[in-house]
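Please view the sequence and the model first, then read the notes grouped by topic below.

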Amino acid sequence: KPKDADILDFANFLNSLTWPTKNRYIIVFNEVNRGDEWGGSPNPEEYAKLLDFTVSTFKKIHPDFFIISGGLDNAAPNKPGEYANQYSFMLEMQQSVPGIFTKVDGLSSHSYPNPGFSQPYSVVSQMSINSFQYERQLAENLGGKKLPVFITETGWTAEKVPDSVRGDYYFQALNTTWNDPGIVTVAPFLLRAGGGPFGQFSFLTTDGKETEQYKAVKNFPKVR
């Protein structure tokens with residue numbers, strides 16, 4: 001798990017870089033509602049306090065740092081010591097650090113088509129590709145601030161959904177659910193896995209060929 005000293009190191013290092021944009025986008029860690037991503041056991045109190053410290057530290061070093069809360073696993077159950085449901089996790093963050101969702105500049109969402117990374121784009125639930133809407137609304141209810149959304153992970157699995165169908169799902173999702181003015185970006189997971197467990201999401205095959213989902217996103221007329 002990161003410590004305050006790590007945050008200071010990150011802030012100083014990232015401030016030393018030449019940034020191509022005014023906003024210096026920083027996502028504060030990844031799927032911290034999973035124990036295997038947070039030192040063995042998820043801890044919303046620890047994360048909220050570290051996120052609070054991160055905001056103040058980065059903003060003091062440079063006001064253009066744009067702090068985005070870490071994307072959460074939208075399918076995680078409440079299983080003490082291993083997983084925490086993302087909405088329960090957010091509620092406990094607020095209880096630990098009141099106003100935490102007013103301090104960040106943006107909300108990262110892992111709006112996967114769960115359960116199983118395989119639900120149609122049209123499914124509406126707290127675990128589907130529109131889970132960002134529930135996260136955004138909860139953050140607004142807790143802090144009174146409507147945060148811009150960065151969908152930093154999403155994707156359908158090749159193990160259950162044919163490539164042609166995945167291509168259509170992306171096209172339809174970008175036309176409907178993800179055509180939300182509050183979304184800043186949609187970043188599918190992932191461009192090229194090169195084999196291994198993430199190959200099921202890869203936009204390029206192991207020999208570098210474009211999949212149908214790659215073509216659907218590349219040719220989409222409204223990609224921003």
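Ring pairs join Tyr121, Trp156, Tyr169, Tyr170, Trp178, Phe203 and Tyr214 into a cluster; rings of Phe, Tyr and Trp (its six-membered ring) pair if their centres lie within 6.5 Å, and planes under 30 degrees apart count as stacked, over 60 as edge-to-face and the rest as tilted. The model is predicted, so local features need pLDDT of at least 70 and side-chain atom pairs count only at pLDDT 80 or more, while totals for chains, interfaces and linings use all residues. Residues are numbered from 1 along each chain as its sequence is written, and side-chain values use heavy atoms, with hydrogens and water left out.

**Aromatic pairs**

- By the ring rule, the count comes to 22 aromatic pairs.
- Phe29 and Trp38 form an edge-to-face pair, because their ring centres are 6.3 Å apart and their planes stand at 65°.
- Phe29 is partly exposed, with a relative accessible area of 26%, whereas Trp38 is buried at 3%; buried means under 20% relative accessible area, exposed over 50%, and partly exposed in between (1.4 Å probe, protein chains only).
- The rings of Phe66 and Phe150 are also edge-to-face, since their centres lie 5.7 Å apart with the planes at 65°.
- This pair links distant parts of the chain, as Phe66 belongs to strand β2 and Phe150 to strand β4, 84 residues apart.
- Phe66 is buried, with a relative accessible area of 15%, and Phe150 is buried too, with 6%.

**Secondary structure and sheet**

- The chain holds 7 helices and 5 strands; helices (H or I, at least four residues) and strands (E, at least two) are DSSP runs, numbered from the N terminus.
- Along the sequence, the pattern is α-β-α-β-α-α-β-α-β-α-β-α.
- An open sheet of 5 strands has the order β1-β2-β3-β4-β5 and parallel pairing, where two strands pair if DSSP finds at least two bridges between them.
- Strands β1 (24–28) and β5 (183–186) stand at the edges with a single partner strand each, so one side of each has no neighbour in the sheet.
- From one strand to the next, the twist averages 30°.
- Strand β3 (residues 106–110) pairs with strand β4 (residues 149–153) in the parallel sense over 4 bridges, and the bridge partner of Ser109 in β4 is Ile151.
- Helix α2 (residues 44–61) packs on the sheet, touching β1 and β2 (65–69), and its direction makes about 170° with that of β2.
- Contact means heavy atoms within 4.5 Å; axes are lines fitted to C-alpha atoms, for helices over the stretch in contact, and angles run from 0 to 180 degrees between N-to-C directions.

**The loop residue Gly40**

- Gly40 lies in the loop between β1 and α2 and is partly exposed, with a relative accessible area of 48%.
- Not counting residues up to four places away in sequence, Gly40 touches Gly35 and Gly81.
- Gly40 and Gly81 are 41 residues apart in sequence and 7.3 Å apart in space, C-alpha to C-alpha.

**The chain as a whole**

- With 224 residues, a compact globule would have a radius of gyration near 17 Å, and the chain agrees with 18 Å; the radius is taken over C-alpha atoms, and the globule rule is 2.2 Å times the number of residues to the power 0.38.
- Buried residues make up 43% of the 224 residues.
- Among contacts with a separation of 6 or more, 67% come from residues 24 or more positions apart.
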